[in-house]
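This report treats selected local features of one protein model.

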Amino acid sequence: MGLQSCTFRISPFSILKPLSKHSNFPPAFNRIPSRFHRVHVTRPLTFLARALSSSAAAAAPQTTATPPAASDTTDESKGTKVPQWRAAIDFKWIRDNKEAVAANIKNRNFNANLDLVLELYDKLLNLQKEVERLRAERNVVANKMKAKLELSERQKLIEEGKTLKDGLVTLEEDLVKLTDELQQQAQCVPNMTHPDVPIGGEECSTVRKTVGKPREFSFSIKDHVQLGKDLDLFDFDAAAEVSGSKFYYLKNEAVLLEMGLVNWAVSEVMKRGFTPLTTPEIVRSSLVEKCGFQPRGTNTQVYSIEGSDQCLIGTAEIPVGGIHMDSILAESSLPLKYVAYSHCFRTEAGAAGSATRGLYRVHQFSKVEMFVLCRPDESNFFHEQLIEIEEGLFSSLGLHFKTMDMATQDLGAPAYRKFDVEAWMPGLGRYGEISSASNCTDYQSRRLGIRYRPEVSTPAKKGIKGNSATTQFVHTLNATACAVPRMIVCLLENCQQEDGSIVIPEPLRPFMGGIQIIAPKYKQA
């Protein structure tokens with residue numbers, strides 16, 4: 001805990017010379033909406049709305065229905081837990097585009113039962129019609145009761161009304177159960193996919209751009225593990241005793257390097273109009289699910305806290321996505337662009353082998369994450385802007401890397417399209433992922449309940465106060481500005497010198513107290 005506390009006290013903005021020179025914060029701070037423009041909306045029972053991805057189906061109409069809240073209950077007859085929340089999924093659109101949705105599920109190799117989803121949806125529609133029929137009949141009986149009637153006739157109507165009421169109670173209970181079952185199945189259906197995304201496994205991903213060339217060394221190179229040992233930068237053995245495998249202590253200049261990377265990344269991204277945040281690192285399981293992750297699924301990457309509904313975050317994308325949950329934003333406040341610093345925690349289930357040694361794949365690490373909420377017509381533009389920011393950051397450090405357009409089977413459920421940055425790591429002798437940028441379109445916002453109200457140019461009708469424009473779901477995007485351990489791997493291995501020292505790239509030096517070289521503390525034997 002001491003190391004964590006130290007990290008929070010120092011980072012990310014407290015001791016930066018480059019930032020401390022400016023007394024006025026950048027314009028990004030003025031973009032924070034008052035109380036985040038949180039407007040809670042009343043949730044109706046019906047929740048049929050448009051939805052897997054608005055960019056994937058421009059022809060589908062926009063709707064405004066909001067999913068109803070649902071408590072965490074247990075179906076005693078089946079002993080299963082029903083959903084705590086409901087997504088605004090447009091089942092009609094899925095039904096009308098069944099072939100495209102089925103092909104998308106196949107291309108992404110997802111275990112979603114589309115036939116069952118559509119079967120449950122048809123049952124739901126029929127059940128809703130039956131409920132409406134009984135309600136109409138009950139209203140007819142209630143109207144008849146208002147007239148002057150013989151006692152026998154009134155008694156007959158009372159009995160008929162009671163029968164209708166009992167029938168309605170049963171059907172409405174069935175409707176709730178069917179709704180929950182439909183939600184549970186439909187939430188396994190992934191977002192639609194950008195038409196230019198390569199189809200297949202990770203090996204089918206295509207190179208969008210290559211920056212620089214691998215550095216040529218005139219001496220025998222070391223990997224970051226050996227460099228860290230020689231320079232007294234890491235302690236994996238002590239961390240293994242304290243916490244287990246895949247944990248680490250950073251020491252000496254490695255601590256300054258982590259702080260420097262975080263503050264450098266935050267300050268550079270802030271120049272592009274992003275608002276800085278630090279986030280909670282424990283969140284509700286329901287928020288993790290709404291962002292498209294499975295906190296309690298098989299081989300989950302999420303650490304869940306036993307006996308609670310909380311999890312440790314695997315990325316700041318999750319708590320940042322929750323800031324505007326169940327809100328209606330003003331169109332004038334968009335885009336909202338955040339750069340968030342947090343620790344991240346991942347189980348790394350199934351990860352093993354030499355490719356995961358050292359700092360490359362660990363359970364806890366620091367990361368700077370970018371997150372954007374925007375209008376649907378702007379998300380492709382901001383996706384390109386995010387990858388451009390990433391490429392600019394890594395280029396300025398002199399890294400050799402390639403930007404990949406990731407294939408369908410490498411996309412998580414929320415991603416409409418994902419670009420990965422893979423940097424050359426000479427000590428490991430391969431490229432390794434150091435960043436990604438995903439356009440999630442409206443997949444997350446439909447689960448998080450984040451909408452915006454478009455501004456209207458025509459005056460409101462007489463008698464109608466305020467803006468009556470139909471609300472729409474925002475699009476969300478996320479991208480990694482700096483995953484600290486992977487960046488340390490890249491910098492140590494690419495910037496090593498023949499004498500065993502490490503040259504610090506110039507952009508990082510002001511954020512490390514002017515340190516230019518990490519030199520051995522004693523002569524090598």
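Two strands are taken to pair if DSSP finds at least two bridges between them. Strands (E, at least two residues) and helices (H or I, at least four) are DSSP runs, numbered from the N terminus. The model is a predicted one, in which local features need pLDDT of at least 70 and side-chain atom pairs count only at pLDDT 80 or more, while totals for chains, interfaces and linings use all residues. Residues are numbered from 1 along each chain as its sequence is written, and side-chain values use heavy atoms, with hydrogens and water left out.

**Sheet**

An open sheet is formed by three strands in the order β9-β15-β16, with mixed pairing. Because β9 (327–330) and β16 (472–473) stand at the edges with a single partner strand each, one side of each is left without a neighbour in the sheet. The pairing of β9 with β15 (residues 450–453) is parallel and runs over four bridges. Within it, Leu-329 has Tyr-452 of β15 as its bridge partner.

**Aromatic rings and charges**

Rings of Phe, Tyr and Trp (its six-membered ring) pair if their centres lie within 6.5 Å; planes under 30 degrees apart count as stacked, over 60 as edge-to-face and the rest as tilted. By this rule there are six aromatic pairs. One of them joins Phe-381 and Phe-382: the ring centres are 5.1 Å apart and the planes stand at 75 degrees, so the pair is edge-to-face.

Accessibility is classed by relative accessible area (buried under 20%, exposed over 50%, partly exposed in between; 1.4 Å probe, protein chains only). Phe-381 is exposed at 53%, whereas Phe-382 is buried at 5%.

A charge sits over a ring if NZ of Lys or CZ of Arg is within 6 Å of the ring centre and within 35 degrees of the ring normal. Two such contacts are tabulated.

| Charged residue | Ring | Distance to ring centre |
|---|---|---|
| Arg-430 | Tyr-360 | 4.5 Å |
| Arg-447 | Tyr-443 | 3.7 Å |

**Backbone geometry**

Most residues other than glycine have a negative phi, and most peptide bonds are trans. The bond from Leu-334 to Pro-335 is cis, with omega near 0 degrees; Pro-335 belongs to the loop between β9 and β10 (336–345).

Asp-232 has a positive phi, near 60 degrees, and lies in the loop between α7 (224–230) and β4 (234–235). Its relative accessibility of 27% makes Asp-232 partly exposed. For Asn-252, phi is also positive, at about 50 degrees. Asn-252 occupies the loop between β5 (249–250) and α9 (253–270) and is partly exposed at 37%.
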